[in-house]
Amino acid sequence: MNKIHRVPYPREVIAHPSPAPALAHFLEHCLATFATENSGAVADYIPELSKAKTGHFGIGLATIDGHVYEAGDSAVEFTIQTISKAFVFALALELVGHERVEAKIGVEPSGEAFNSIRLTADNRPFNAMVNAGAIACSGLIHSVEDSGAFECVLDALSRFAGRKLSVDEAVYESENATGDRNRAIGYMLRNYSVVQGNVDEVLDVYFRQCSILVTARDLAVMAGTLANSGVNPVTNVKVLTPRAVARTLSVMTSSDMYDYAGEWVYRVGIPAKSGVGGGIIAALPEQFGLGTFSTLLDSHCNSVRGLKVCQALSPHFHLHVLNRSIDVRTSIIADYDIKGISSRRIRQPHEQFILDDHSQDIRVIELVGALTFGNVDFVSRQFGAGCGRTCSSSTCAACPR
Ligand code: GLN
């Protein structure tokens with residue numbers, strides 16, 4: 001099990017007078033701290049991937065207002081691999097429809113490695129984040145787009161990234177030449193009617209989508225699009241509906257890091273996805289998207305340095321999605337009736353008379369912050385609870401008798 005790394009974050013860094021936000025410092029600090037971490041190995045079951053440089057290390061973080069922090073090799077391209085599965089699942093939900101996707105692919109964590117050939121009891125892939133589920137997604141998109149299926153996938157992932165993406169043909173060729181296990185999965189899925197039609201064409205879509213070139217910055221913007229309810233925070237292009245976002249983040253939460261998913265939710269608690277090309281994405285709803293790149297992988301095929309960045313970032317900034325301590329009572333900043341409240345508006349005498357006469361019946365509740373379920377409920381209960389003033393008036397309409 002990966003030992004949790006608490007970044008020894010020197011006070012002087014936090015107190016550093018430089019204008020750059022604390023977050024930029026923290027990312028640079030993670031880069032410096034974890035660049036010396038050399039455990040793990042590059043993926044080599046796809047021969048072309050074994051040529052990857054181990055020294056590269058990049059971090060990108062895109063906030064939902066469109067600001068992108070970058071540290072290290074954030075502009076170095078590498079293949080997206082399994083991270084593509086999250087976005088292609090989202091695309092399948094939009095393109096083919098939620099019902100058809102759910103009829104073919106489960107949403108349960110498999111607890112197994114990403115290339116497991118095991119299916120659910122009713123012969124469906126456990127979820128869309130493992131190879132079987134991803135091949136089923138490529139199959140569904142192929143069933144509606146046919147020979148245009150891959151262009152459709154590339155176009156969608158480019159909209160998530162906010163730039164035109166391309167394919168690493170050498171990695172594609174290498175994966176295609178050594179993809180027998182995925183072929184076995186593809187034909188097994190056709191045997192159970194999860195995939196229809198030409199399995200090799202479907203696999204070609206899958207091999208090509210895994211070979212799409214991205215950078216840590218691209219991954220941050222792509223994850224930022226998921227965190228921003230489907231709108232690309234940099235280009236403001238609407239890429240996905242909030243419903244498909246929620247379903248994609250749900251499966252990412254339960255099945256993101258393969259057979260390390262439980263540990264990840266427990267220690268980091270941000271929906272994420274990793275790939276054997278060395279990338280990791282994490283998408284914190286309403287906050288930001290993170291992308292990391294380092295090719296050294298641990299025994300679960302997750303990037304060692306990327307994992308450490310996330311394990312340091314989440315506790316440091318209290319980012320765990322279940323670590324919610326919003327106090328709904330703080331949403332009301334003032335609660336009063338208008339008696340004695342002056343206004344700059346010049347009113348007709350009869351208007352002023354009515355206001356004066358009913359000043360205690362008119363209540364103002366000033367709210368602050370986003371209206372969530374919790375504080376709308378809290379505020380609505382305050383309506384019934386009388387005005388916030390210590391009200392001595394016998395005629396105050398808001399105060400219960
Ligand atoms: N293309 C790779 C495969 O199918 C993706 C695996 C991964 O990133 N975990 O095996």
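Buried residues have under 20% relative accessible area, exposed ones over 50%, and partly exposed ones fall in between (1.4 Å probe, protein chains only). The model shown is predicted: local features need pLDDT of at least 70, side-chain atom pairs count only at pLDDT 80 or more, and totals for chains, interfaces and linings use all residues. Residues are numbered from 1 along each chain as its sequence is written, and side-chain values use heavy atoms, with hydrogens and water left out.

**View 1. Residues around the ligand.** The residues around the ligand include Tyr45, Gln81, Thr82, Phe114, Asn131 and Glu175. Asn182, Tyr206, Cys210, Tyr258, Gly275 and Val276 are also among them. By class, the shell has 6 nonpolar, 5 polar and 1 charged residues. In this scheme Ala, Val, Leu, Ile, Met, Phe, Trp, Tyr, Cys and Pro are nonpolar; Asp, Glu, Lys and Arg are charged; the others, Gly among them, are polar.

View 2. An N or O atom in the Gln81 side chain is 2.7 Å from a nitrogen atom of the ligand. Asn131 places a polar side-chain atom 3.0 Å from a ligand oxygen atom. For Tyr206, a polar side-chain atom lies 2.6 Å from an oxygen atom of the ligand. The protein covers 99% of the 300 Å² of accessible area that the ligand has on its own. Accessible areas come from the Shrake-Rupley method with a 1.4 Å probe; for residues, only the protein chains shown count as cover.

View 3. Side chains of opposite charge can pair when their charged atoms come close. A salt bridge is a side-chain nitrogen of Lys or Arg within 4 Å of a carboxyl oxygen of Asp or Glu. The count comes to 15 salt bridges. In one of them, Glu77 pairs with Arg163, with the closest N and O atoms 3.0 Å apart. Glu77 lies in the loop between β2 (68–72) and β3 (78–79), and Arg163 in the loop between α6 (149–161) and α7 (169–178), so the pair ties together parts that are 86 residues apart in sequence. Helices (H or I, at least four residues) and strands (E, at least two) are DSSP runs, numbered from the N terminus. Glu77 is partly exposed at 38% relative accessibility. Arg163 is partly exposed too, at 31%.

View 4. Arg124 and Asp122 form a salt bridge, their closest N and O atoms being 3.0 Å apart. Asp122 is partly exposed at 47% relative accessibility. Arg183 meets Asp180 in another (3.3 Å, N to O). Both lie in helix α8 (residues 180–191), 3 residues apart, about one turn of the helix. Asp180 is exposed, at 54%. Elsewhere, salt bridges that share partners join Glu77, Arg163 and Asp218 into one network.

**View 5. Cysteines.** A disulfide is a pair of cysteine sulfur atoms within 2.5 Å. The whole structure has 0 disulfides. For Cys210, the nearest cysteine sulfur is that of Cys137, 12 Å away. Cys210 is buried, with a relative accessible area of 1%. For Cys301, the nearest cysteine sulfur is that of Cys210, 13 Å away.

How values were computed: A residue is near a molecule or strand if one of its heavy atoms lies within 4 Å of it. A polar contact is a pair of N or O atoms within 3.5 Å; within protein, one must be able to donate a hydrogen and the other to accept it, and residues adjacent in sequence count only if both atoms are side-chain atoms.
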